[in-house]
Amino acid sequence: MSAEAVVEINGRKVPIEGERNVLEVIRKANIDLPTFCYHSQLSAYGACRLCLVDIEGRGIVSSCSLSPEPGAKIRTHTPELREMRRMTLELLLANHEMNCPTCPKSADCQLQELARRLGVNTVRFKRTHAPKPVDTSSPFLLRDPGKCVLCGDCVRMCKEVQGIGAIDFAFRGAAVSVVPAFGKNLDQVECVGCGQCASVCPTAALTVKSDVAKVYAALADKNAEVVAQIAPAVRVALGEAYGLPAGTVATGQIVAALKALGFARVYDTAYSADLTVLEETHEFLGRKTKNEKLPHLTSCCPAWVRFVEQYYPKWIKHLSSCKSPQQMLGSVIKAEGAPDGKHLVVVSVMPCTAKKGEAGLDKFRSGDCQDVDVVLTTQELVRMIDEGGLRFDQLEPDSLDSPFGLKTGAGLLFGASGGVSEAVLRQAAEELGAARDGLAAFQSVRGDQGVREVAISVGGNPLKLAVVSGLANAKALLARVESGAVEYDLIEVMACPGGCVNGAGNPVRKNKDTIAARAKGLYHADKMLDLHRSSENHEVKTYYERVLGDVGGKKAHALLHTTYQSRARIDGAALKLVEGSQPAALAVTVCVGTSCHVRGAQTLLRKLITQVETAGIADTVDIQASFCHEACDQGPTVVVGGTTLHRTTADQAFAAVLAALQTKAAPDDRVLHG
Amino acid sequence: MTTGTVITQESLTKEGLAYQSAAGGAERRLIICAGTGCVAGGALEVYSEFVRAISAAGIDVVTELRPEAPPLPGFVHVSRSGCQGFCQMGPLATVLPDGILYTRVKKGDVAEIVESTLKHGKAVERLLYVDKSAKRSCRGIAEIPFYQAQHRFVLKECGVIDPDSLPEYLAKEGYQAACRAYTRMTPQSICAEIDKAGLRGRGGGGFPTGRKWEAARAQPAGTKYVICNGDEGDPGAFMDRSVMEGNPHSVIEGMMIAARGVGASEGFVYVRAEYPLAVRRVRKAVEDAKRAGLLGQNLFGTNFSLDITVMEGAGAFVCGEETALIASIEGKRGMPAPKPPFPAQSGLWGKPTVINNVETLASVPRILNMGAESFRTLGSRTSPGTKTFALTGHVVNTGLIEVAFGATLRDIVFGVGGGVTTDDGSAMSEMKAVQIGGPSGGCLVPDHLDLSLDFDSLRGIGAMVGSGGLVVMNRDTCMVSMARFFMQFTQNESCGKCVLCREGTKQMLALLDDIIEGRATLGTLDLLEKLARTVQKGSLCGLGKTAPNPVLSMTRLFREEYLAHVVEKRCPAGRCKALLRPHVIPAKCKGCGVCIKACPTSAIRGEKRQVHVIDETLCTKCGACAKACRLGAIEGVA
Amino acid sequence: MLPEALPEEASHPSTSPSRKFQKVCDILAKHEHRASRLIPILQAVQEEYRYLPEEVMTYLATSLHIPPAEVYGVATFYSHFALAPKGKHVLRLCDGTACHVKRSIPILEALRSKLRVSEAKPTTDDLLFTVETVSCLGACGLAPVLVVNDQVHGQVTPEAACAIVDEIAAKETAQ
């Protein structure tokens, strides 16, 4: 065995330089071995069998799972291996819903590309699986199991990077399928809408839900005034679909395209990002002064917000009450009103799938319409541009409209992980009287690690920030904060690793370099602008003077702030425990969701049942154990008839049961706190 | 033994002697086989009846012999044992010291046995085994060819001792080897001794056990695990079950020695849930050993400890694969992981883990007791020792057997097995093939009858020892539908993770169906073989890699039969329904019309006293016509 | 599953839902709420309910702090876990190699035809019988083997199998 750290690939010597596996060494040697299930961010899985290599003395093994061993003699393209790869693809194609021309992933699908690259020109096998139904339930994603190649990337992404695990493999053998729990639809389970599963899916098994039809309908409506807002992360990525390098700021062309499609006006979400900065900095500094509700948690990422509402109800009060820039701008535009006779339709162009769900929330509804009517992802806009026959790279750039088109560099930063923090720091510096030209110091929040800790002094005030992207990282960090191991003043969390530039709505053919290039584009754009601090945005200042009044004042709160609530993680049936035989049995429900469980719901339930049975009234009550009444930080929660008891005990619940049985009067909906 | 006192070789010997002394007071020992097979035949009722009847006859009955309270001499010791192997002749009852083996014992026979044998030492002739070929009745196992042709090494005490009795195990040198391993040997010397003995994994892989242990031992010190793989999922294999039911302490002792050899302090026994009796016996053995201080902290007075947990499988054949088994213990779906890294380097919870088969572990104490050199005198040079087999199928004597490596197929099928029979066992037939190694194995044909069986010789002909299932098939077996049967099994048990196994086995099954149902062409056969080789070479784990073995083996050895199905659309064995073509033999047909009346689809036409004809388009191949015909004039029916 | 006398702590499936739920809580406590013990926990829960109800699985997921999709994935992977209620009398026919060559399939066909069940729908509508195949019970010397509840029947024929079903059905109507 050679003492040098060198392997031989197809007869050529290649050095080993710390690569995790043989596949990475082979790719470094410029041989792009095909894979489906291998992903540099996820654990090695070894299922697709495409990366097989022939190693002398070892035989045929998968290169993604093997550590490089010095002296190994590797062959990547023997006739046998080539035949095996072709056969593997044919096996997948045999049961694939092959409707490429009408498939949303057409021309972007790895299965299609590999079939072409590996020279598969016939499928020798028959279809053996029955067709599976498409799941259209979720506002964020479209799930088509018939296109799934079972690479498991989505499962590992949701579990390992996002710490959620809303989808997983079920069944065995040829019946294996990737499904949400119990085969439910995505909107019935813990999915937070981050869409990262779709961004790693090599085929069209998981794609972004398309709302293009809604936009076309609005554009065709003569009574509608359709306006758009563009998110920062969109402008540095959309151009990739047209051959422009990642990070190219294509705002002008995007505006031109939107106008050509029929949008009346195009605004910039970076404008409302500036608004957000002003409101949030004011809020943050207020908390810091009063030393309450710290650490402050950012709230512009809707997947993160949903994550907190589902898993960390105790932390809800730490979330900034600021709406996200998308929603702020939606409210602002709607408040301005439309020209006579028409009704306003606000369409936001986002790099994000979760925004689709956010826009549709009931709390963001005023009157008979949502503040943001439709959310289009970058990918969908590309579709519309293509359908419109527009030659994007040749469009004459156009400018954004006033007044909501003006932004500072701070607003642009929102698209990258660390951006919100940096923008807030710049603003805080001003409010705390720090030097005017110390902006470079705040760049310490930039970087590509998933968790970054920054200790910084702003105007003599020490601040500790944590910048997180990826929800599993957030989970780990919150655990450390809860244990007291660390302390922060502000925690910024973006669900997508790297921030919004890596959103699932942006073009998904990318790697780490692409993401870094997109972020760099935003930083560059910030540098090239004249204004870098949100308070320097004079259109925003005018808006305060004209409409809002004070920053953080009553009007600002009404229009630009929101509230949060606990959310159940799964739509589940309740466990029937005591079934009263009498027809009008009193319905009693005890919540046994995680938070209530942690607070002793199980013991309460046991005691309550015993008390009921001992008192001999079991046939007059129906007792159920249910999941989540979405009042997680007030548990244990028991519902007796129509009355909800919070922070209650078994004795109190039992007393309520007796009382309810005695009073045969119609129960009133009261909420009692123990 | 009480916890707190240090267990030494002397104390173990003393315990053993105490048991022997107590047992010596028995007038007679009656052993009732309580393996699953005999229990199905009513062995437990027989047992209870014996206990009742002997007591009623005024004789002291002892069912649980406790050395600390030895019964007064003159009693009859009645105990239940694990599988004695002669499953087709069960329920079995052995009387010692007379050395009599009674077969097919029913509750109603008990009174006579008590009267004749226990009271007067006379054998009950009608319950003895009759060797049909030698035409004589056999008093005990010494005369029965089924037993004589075997070499019961691992199974020595299975079928003799009471598996629930720790004291009896101690009386058979129980835990002596473990004691020596912990107090007088080093981990290195243990691994070296097992390596020297040449013990190879009995679960199918045949990997040298000593080397596996050494690989784990050599990993940096820290948490390590030993796991006993009792997930014997091969249909037609029940060797491991019998060892776990019949001599669970031998497995535990083997695990202890393995733990000492690699440096593990926690162990798991993973047993299929389909073996509830085995689960119970192993659990009890673990508890008894713990109570006696043989497991737990400060083993044999050292600083070492070992805790064993028994875990039940939940119905997944793939969990017999090491990494899938590990995933199952971790509470996950039993999906295998790519190897390397091997479990010895990174296994359960990422720690060095040694996984051994039940039979492998049960061999270990005996090897240490007799010495590596002595062990090597058994078996063949590259495969020392013996192997248990489950001999089933179309053979006279089905059951659990054990022979030394190097025995020939002829020795097993004809010597132990007594020859090949028809499907229902009523008459003799010819051997067509013997499937060895379960659904992952290959076929042996009459040409191999004199092949000396061991790991390497079998691999050389494209077969494998596997777990030890041996299914004998007579000449009426269709080798295409057998291949399909095996493929259906492995396909059903595929975990679904890797493309080649999940999709490949399904497609192989579809291609085999094409062959069986007359839709195949030569291209089908060609594609089947190509696909089989790809799945064999490229699958992620052992299940996928061996699933195509039956197909590859049978298409090679029975090519003519496959070609008949493909080209002629004919099933030579007359089994594949779709290829059957019932037809009237004109020379034999008298035109009586009986078949016309019998046919449910009116597919037969013919005038009286004219030769009848079957219309193939209407025929459903039900066979009613052939059954009705008294002249044997219809053939081509299953 | 086997007719040998069960040890002292034989649990008889309780009938009251609250008792069963209590048992679930006890099972979780016995396994120290450890996620790695999911499989033995599911086995014990199935003992109580005769199958795995969805609500109970959701409760297990919440108690063990693992995603419900993972519990579902484990429950659907292993053949032992039933997600639909099984019949009162479970007929398990062995289709392992030894039983197969001794013609177990005709027995399966006879049972399925008699009870009007199939592979997709193995349980009778009145929830009295379930017919399923097992891949080897390890009683190969007695092939073909049929296990009815806990009773192992060896060397079965289609007629004998149907007779067993008739006997059970008669007992049920008599009650």
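Start by selecting C48(A): at 5% relative accessibility, this cysteine counts as buried (buried means under 20% relative accessible area, exposed over 50%, partly exposed in between, with a 1.4 Å probe and protein chains only). Before you click on, note that this is a predicted model, where local features need pLDDT of at least 70, side-chain atom pairs count only at pLDDT 80 or more, and totals for chains, interfaces and linings use all residues. Residues are numbered from 1 along each chain as its sequence is written, chains are lettered from A and ligands numbered from 1 in the order in which they are written, and side-chain values use heavy atoms, with hydrogens and water left out.

**Cysteines**

Over all chains, the structure holds zero disulfides (a disulfide being a pair of cysteine sulfur atoms within 2.5 Å). C48(A) is in none, and its nearest cysteine sulfur, that of C37(A), sits 3.8 Å away. Now hop to C162(C), which is also buried, at 16% relative accessibility. Its closest cysteine sulfur is in C99(C), 17 Å off and too far for a bond.

**The A/B interface**

Show chains A and B together. You'll find 34 residues of chain A in contact with 34 of chain B (contact means heavy atoms within 4.5 Å). The two chains bury about 2800 Å² between them, 59% of it on carbon and sulfur atoms; buried area is the accessible area (1.4 Å probe) that two parts lose on being put together, summed over both. Highlight R49(A), L91(A) and R172(A): they supply 22% of the area that chain A buries against chain B, more than any other three residues.

Next, pick E80(A) and K537(B), whose side chains meet in a salt bridge at 2.5 Å, N to O. The A/B count is three salt bridges (a side-chain nitrogen of Lys or Arg within 4 Å of a carboxyl oxygen of Asp or Glu). For the secondary structure here, color α2(A), residues 79-94: this helix gives the most to the side of chain A that touches chain B, with eight residues. Helices (H or I, at least four residues) and strands (E, at least two) are DSSP runs, numbered from the N terminus.

**A sheet in chain A**

Last stop: an open sheet of four strands in chain A, ordered β12-β19-β18-β17, with mixed pairing. β12 (296-297) and β17 (451-458) stand at the edges with a single partner strand each, so one side of each lacks a neighbour in the sheet. Strands pair if DSSP finds at least two bridges between them. Zoom in on β18 (461-469) and β19 (490-494), which run parallel and are joined by five bridges. To see one bridge pair, select V468(A) and its partner in β19(A), V493(A).
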